[in-house]
Amino acid sequence: MSTTEKLTSEEQVLLKKMVSGEISLRKIEEFLGKDDSAKLRRAFLESKREVAFDHVGTYTFDVESVGKKNIENMIGAVQLPLGVAGEIQIIGDYAKGIYYLPLATTEGALVASVNRGCSIITKSGGANVRVFKNMMTRAPVFKFDNLDETKKFYDWILLPETFDKIKKAADATTRFGEFLDVCPFVSGNNIHLRLGFDTKDAMGMNMITIASEAITKMIADETGVECVSLSGNMCTDKKPSAINAILGRGKTVIAEARLESSFIKETLKCTPEAMFDVNYRKNFLGSMRAGSLGFNAHAANIVAAIFLACGQDPAHVVEGSLCVTEMDIDSDGNLVCSVTMPAVEVGTVGGGTTIATQQECLKLLGVAGAGKVPGENALALSEIVAAAVLAGEISLVAAQAAGHLARAHAQLGR
């Protein structure tokens, strides 16, 4: 049955007005609730195109909530297969214990690969994980008429009393966030201020955008200098950038595991030397020659799958791909594997984390909502993400070292 056939007489009248252009896709919510508006938009599209929405109209989340905070012009929902990998033992400052990892993906063989990596890590004593830095950034840009004005503003920004004024303006906009740092970058007669914040359990972009606007207004009042753009791309948000790879953004996390030589030979059917060689020639030499900012096998695969499952911003997979995978042979001949992730941008409150299905995945990880100590759930999630990436990296490098990659994809990925 088409969507049109399910409409009431009142909805049929509204549909005709939509088709004629009298009512827009956006304005239909002035006449109907969000669920019925979604249904009418489906009917409108079916009348305009030869398509039947037999599946996208089926969903279980709270439409009123999602329609207010997560989506505009809603017509329904798409479904992604959700798998689980684990168990994996994680030894972090915030994530401690045994975990099962929810992974949403359409790529066959991915969950199986991460699952194998989880088993390898757990049998080897677990993943040791630490967060080294925690600071989300926004970077407004200012322009000046000449170099003297540029230098004057630069010097003013670096004054301790200016820092105090910036902090006061920023912290007044949020109950939970905290202003941490300002770093000016000069290009000709332009200055980008890379502002850093602790956003606690929120990923924080909405929070720090509001705080950054308050900072630019304070600067305008103090100096007369107007902000050109609240985001000047030195943040850098949702784009591959060297600054995020070097200075970090969100959480900077490292996960490590030590695999015994005998275990690698017996279980992975290769050697520590072979895995080291693959990692060096693939993840280092290959990435370097390609001009890549990420030196890893497929970190983005795991970041994307866990982000989609847990209601994170999928565009931040870009920063998640800035991962450096290292494999070294220690003095005992064992393989020390690590992933350095300079920009893990995650939250456990707000955004997509409030959608019912995504919240269930966060509950599976024990990190749904705000932590008892503000910020600890988001920090735990960042450690879990890094451990999951480590599992994926170890599994894929081992498969390539043993010559099993094509076979796995032939069996699972077709």
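1. Let's start with helix H2 and its buried residues. In this predicted model, Lys 34, Ser 37, Ala 38, Lys 39, Leu 40, Arg 41, Arg 42, Ala 43, Phe 44 and Glu 46 of H2 are buried. Among the elements that cover these buried residues are helix H1 (9-20) and H3.

2. Stepping back, here is the chain as a whole. The protein chain has 15 helices and 10 strands, and its C-alpha trace spans about 75 × 70 × 45 Å along the principal axes. Of the 414 residues in the chain, 48% are buried. Among contacts with a separation of 6 or more, 71% come from residues 24 or more positions apart.

3. Next, have a look at a pair of packed helices, H6 and H7. Helix H6 covers residues 160-171 and helix H7 covers residues 205-223; they pack at an angle of about 135°, with 8 Å between their axes. That angle makes H6 oblique to H7. The crossing of the two helices is right-handed.

4. Which residues of H6 and H7 make the contact? From H6 come Lys 165, Ile 166, Ala 169 and Ala 170, while H7 brings Ala 211, Ala 214, Ile 215, Met 218 and Glu 222. Sorted by class, this contact has seven nonpolar residues, no polar ones and two charged ones.

5. A second pair to visit is H10 and H14. Helix H10 (residues 272-290) and helix H14 (residues 376-402) have axes that come within 9 Å and cross at roughly 105°. H10 and H14 are therefore roughly perpendicular to each other.

6. Where in the chain are the cis peptide bonds worth a look? One joins Gly 86 and Glu 87, with omega about 15°, and Glu 87 sits in strand E1 (residues 82-91). Another joins Cys 235 and Thr 236, with omega about -10°. Thr 236 lies in the loop between strand E7 (227-229) and helix H8 (242-247).

7. Asn 73 is not a glycine, yet it has a positive phi of about 50°. This residue is found in the loop between helix H3 (63-69) and E1. Is Asn 73 buried, partly exposed or exposed? It counts as partly exposed, because its relative accessibility is 36%.

8. Lys 200 is the other one to find: it has a positive phi of about 55° although it is not a glycine. Its place is in the loop between strand E6 (190-198) and H7, and H7 is the helix that packs with H6 at about 135°.

Note on methods:
Residues are numbered from 1 along each chain as its sequence is written. This is a predicted model: local features need pLDDT of at least 70, side-chain atom pairs count only at pLDDT 80 or more; totals for chains, interfaces and linings use all residues. Side-chain values use heavy atoms; hydrogens and water are left out. Axes are lines fitted to C-alpha atoms, for helices over the stretch in contact, and angles run from 0 to 180 degrees between N-to-C directions. Helices (H or I, at least four residues) and strands (E, at least two) are DSSP runs, numbered from the N terminus. Angles under 35 degrees count as roughly parallel, over 145 as roughly antiparallel, 65 to 115 as roughly perpendicular and the rest as oblique. A crossing is left-handed if the near helix is turned anticlockwise from the far one by less than a right angle, and right-handed if clockwise. Contact means heavy atoms within 4.5 Å. Ala, Val, Leu, Ile, Met, Phe, Trp, Tyr, Cys and Pro count as nonpolar, Asp, Glu, Lys and Arg as charged, and the others, Gly among them, as polar. Buried means under 20% relative accessible area, exposed over 50%, partly exposed in between (1.4 Å probe, protein chains only).
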